[in-house]
Amino acid sequence: MDYNNKLVLAPMVRVGTLPFRLLAAEYGADITYGEEIIDHKFVKCERRINESLGSIDYVEKGTENVVFRTCNEERNRVVFQIGTSDAVRALTAAQIVCKDVAAIDINMGCPKAFSISGGMGAALLTKPDLIHDILTTLKRNLDIPVTCKIRLLKTPQDTVELARRIEKTGVSALAVHGRKVTDRPRDPAKWSEISDVVAALSIPVIANGDVIEYEDFQRIKLATGASSVMVARGALWNASIFSPNGKLPWEDLRKEYVRKSILWDNDIKGTKFTLREIMGHYMSLEKSDGKALTKAESLADLAELYGEMKYYRVVKGTAYC
Ligand SMILES: Cc1cc2nc3c(=O)[nH]c(=O)nc-3n(C[C@H](O)[C@H](O)[C@H](O)COP(=O)(O)O)c2cc1C
């Protein structure tokens, strides 16, 4: 996979499932990351072809719980992100899925207590030997690109030193979220510290943080010199951010997301979470729209709510002739 001049949909837990990835790609995302999936969970999954949907499902054995759903259409752009604290387990997880995805990424930035206490996410940033072990193990044993996503360390020098060690493992690219572990999402991303990493490395760097408008893709590239740009919240709030033709009204994107969720039979909880994240950006969820969303219990309820019942019936094969 080529990591130059790419617009990248960032990994987002519960959001980055197949419908949202396809939506972002439709508007111009070149590379689409899936949500972080923990290796412990994924090693218990089996691959199943879902004939009725035309998807490839990874299902927790002994259950009907779909942990990862993908399809051939996104085979060359979907990145499977793993949460891990162990090289062998990460490799086992990656080997299960590697034929169906374009690349494997390791999450080294998540600051949540669940990740840190399990030695995953941002906990890895303080363990360069373990990082080396995980990345070289994956590199040696996989035929597809391996990358990782980090946050900034305490000083620019520390970040650059770690980035250099990561580059030596042979990864294909490095994504840098321009915030420190202790920063909150409202704190401005430090693009200048991303540029320090770009200057020190020869592999492509993917710059991430505070890209909200289409014009920001160019701004962050100019400010950092990064090869590619990754966007999370800007895409969540309006997936048409990737389009050079200007953003569509967010309500249109909400409708499209609901349609794609119906088409791909997306998990209702994840669908509602994503809709709540989108709508919460534009309105108080205490208002009637938010309350109606909270009440919805199924994709059919969402179809009803957003005027997509006809589409729902066609997809489910229950349309009246
Ligand atoms: C809802 C949500 C879920 C996220 N989940 C992940 C994740 O699974 N893995 C990851 O590396 N980062 C995750 N992040 C962080 C984003 O990928 C990104 O690094 C961060 O939001 C900064 O980019 P932004 O300023 O464009 O939002 C998540 C962010 C959001 C808003």
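Predicted model: local features only at pLDDT ≥ 70, side-chain atom pairs only at ≥ 80, totals over all residues.
Residue numbers start from 1 along each chain as its sequence is written. Helices (H or I, at least four residues) and strands (E, at least two) are DSSP runs, numbered from the N terminus.

Eight of the nine residues of α1 are buried, so the helix is largely enclosed by the rest of the structure. The buried set is Leu18, Pro19, Phe20, Arg21, Leu22, Leu23, Ala24 and Ala25. Just after α1, Gly28 has a positive phi of about 125°.

Helix α1 packs on α10. In the contact, Pro19, Phe20, Leu22 and Leu23 of α1 meet Glu256, Tyr257, Lys260 and Ser261 of α10. Contact requires C-beta atoms, placed from the backbone, to lie within 7 Å. By class, this contact has five nonpolar, one polar and two charged residues. Nonpolar covers Ala, Val, Leu, Ile, Met, Phe, Trp, Tyr, Cys and Pro; charged covers Asp, Glu, Lys and Arg; the others, Gly among them, are polar.

| Pair | Axis distance | Crossing angle |
|---|---|---|
| α1 (18-26) and α10 | 8 Å | about 130° |
| α6 (156-168) and α7 (191-200) | within 9 Å | roughly 40° |

Axes are lines fitted to C-alpha atoms, for helices over the stretch in contact, and angles run from 0 to 180 degrees between N-to-C directions. α1 and α10 are therefore oblique to each other. So are α6 and α7. Under 35 degrees counts as roughly parallel, over 145 as roughly antiparallel, 65 to 115 as roughly perpendicular, and the rest as oblique.

α1 passes α10 in a right-handed crossing. α6 passes α7 in a right-handed crossing too. Right-handed means that the near helix is turned clockwise from the far one by less than a right angle; anticlockwise makes it left-handed. On α6 the contact uses Pro156, Thr159, Val160, Ala163 and Arg164; on α7 it uses Glu193, Asp196, Val197 and Ala200. These residues divide into five nonpolar, one polar and three charged.

**Strands**

Strands β4, β5 and β6 form an open sheet in the order β4-β5-β6, with antiparallel pairing. Pairing needs at least two DSSP bridges between two strands. β4 (45-50) and β6 (66-70) are the edge strands, each pairing on one side only. On average, neighbouring strands here are turned by 20° against each other, direction ignored. Six bridges link β4 to β5 (55-60). Asn50 stands opposite Ser55 in β5.

Elsewhere, β10 (173-180) and β11 run parallel, joined by four bridges. Val176 stands opposite Ala207 in β11. In β11 (205-208), Val205 and Ala207 point one way, Ile206 and Asn208 the other way, and all are buried.

Terms used:
Contact = placed C-beta atoms within 7 Å. Buried ≥ 20, exposed ≤ 12 C-beta atoms within 10 Å, placed from the backbone.
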